[in-house]
Amino acid sequence: MNAERKLDLAWVALVLLSIGGARLGSGDDDGFAIAVLVALVMAVKLLIVSRYFLELHEAHPRIRKAVYLFCYGMPILVILTTGFREPLARLTGAALI
Amino acid sequence: MSIAVPAPSTIAPAVPPAAPAPAATGRIPGSKAMWVGIFCELTEFALLFAVFFVARAHHPEAFSAGPSRLSLLAGTGYTLMLLTSGWCVARAVHAMRSGKRSHCMRWLVGALVFGLGYPAIKVFELQRNFAHGLDGSAGVFIVSYYYLTFTHLVHVFWGLLGMLWVMARTGLGAYTPEDHGGLEAFACYWHVTDMLWLMIFPLFYLLG
């Protein structure tokens, strides 16, 4: 498969994930399970963009690691701050006071 | 007359040592300067995301009800416009690498059209929001939404200006298949701005 074809398929996958992922927000369900699903879709989309559009696999290791820190870090933060919302509020409330 | 020929074991190897694998060393896509700018952008958004998560922890009810106040259609529209624009930019870079300058220009025009879709949707969404009373006094969720999305909009504007610049340079024949670092640097910025939206969109339109 040539590089252009891979880019086209990556774009199709991103569009499908975006439309499918948007349906997560149209339901009445709430809570941790939705946060995990949203985080997973976010991570997959970020990794597709970084791999195929940004060509991060060819980039200098420092650039690669720093961008991957964001790609993995944000979805993990979404899950952690949903699961540990009250401890985060207590911790930051004390720090703010 | 005799010519001294060194013994085979003392002859320096004709073939240089193999270059390290690209995955081990990699390269700097675009330019170092652009990556300094990109990491400044990522740091700025990291701080804004931290504020978002703290505000969400302190006001769970406001953030839980937040997504239903926004237009999911507009949010999905932004995502599709930016992803499609990013795809066009990636295709433009590949066209330039293949020496197809006219193809590159056409892909850049496509990228600009879809990129302009982002502020166009923003105009309609803002009209809708203000008609629903979603202004700066509409609570912590809406305030967080405005500061993050407007900051992102500013970065999209920089990207659109950059896109016009690389289009002009492409039209003037400044890039070649061997030397198109400026085009690559712009592409990196645009893809990272795209990635930032992929983080912002679910926070406000899906998760709350």
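Helix 4 of chain B is mostly covered, with 20 of its 26 residues buried; a residue counts as buried if 20 or more other C-beta atoms, placed from the backbone, lie within 10 Å of its own. The model is a predicted one, in which local features need pLDDT of at least 70 and side-chain atom pairs count only at pLDDT 80 or more, while totals for chains, interfaces and linings use all residues. Residues are numbered from 1 along each chain as its sequence is written, and chains are lettered from A in the order in which they are written.

Helices are DSSP runs (H or I, at least four residues), numbered from the N terminus. Helix 4 of chain B spans residues 72-97 and reaches 38 Å from its first C-alpha to its last. This is close to the 38 Å expected at 1.5 Å a residue, the expected span being 1.5 Å times one less than the number of residues. Just after this helix, Gly99(B) adopts a positive phi of about 80°.

Leaving aside residues up to four places away in sequence, Ala92(B) touches Cys104(B), Trp107(B), Leu108(B) and Ala111(B); two residues are in contact if their C-beta atoms, placed from the backbone, lie within 7 Å.

The contact between the chains takes 41 residues from chain A and 38 residues from chain B.

How values were computed:
Helix = DSSP H or I, 4+ residues; strand = E, 2+ residues; numbered from the N terminus. Buried ≥ 20, exposed ≤ 12 C-beta atoms within 10 Å, placed from the backbone.
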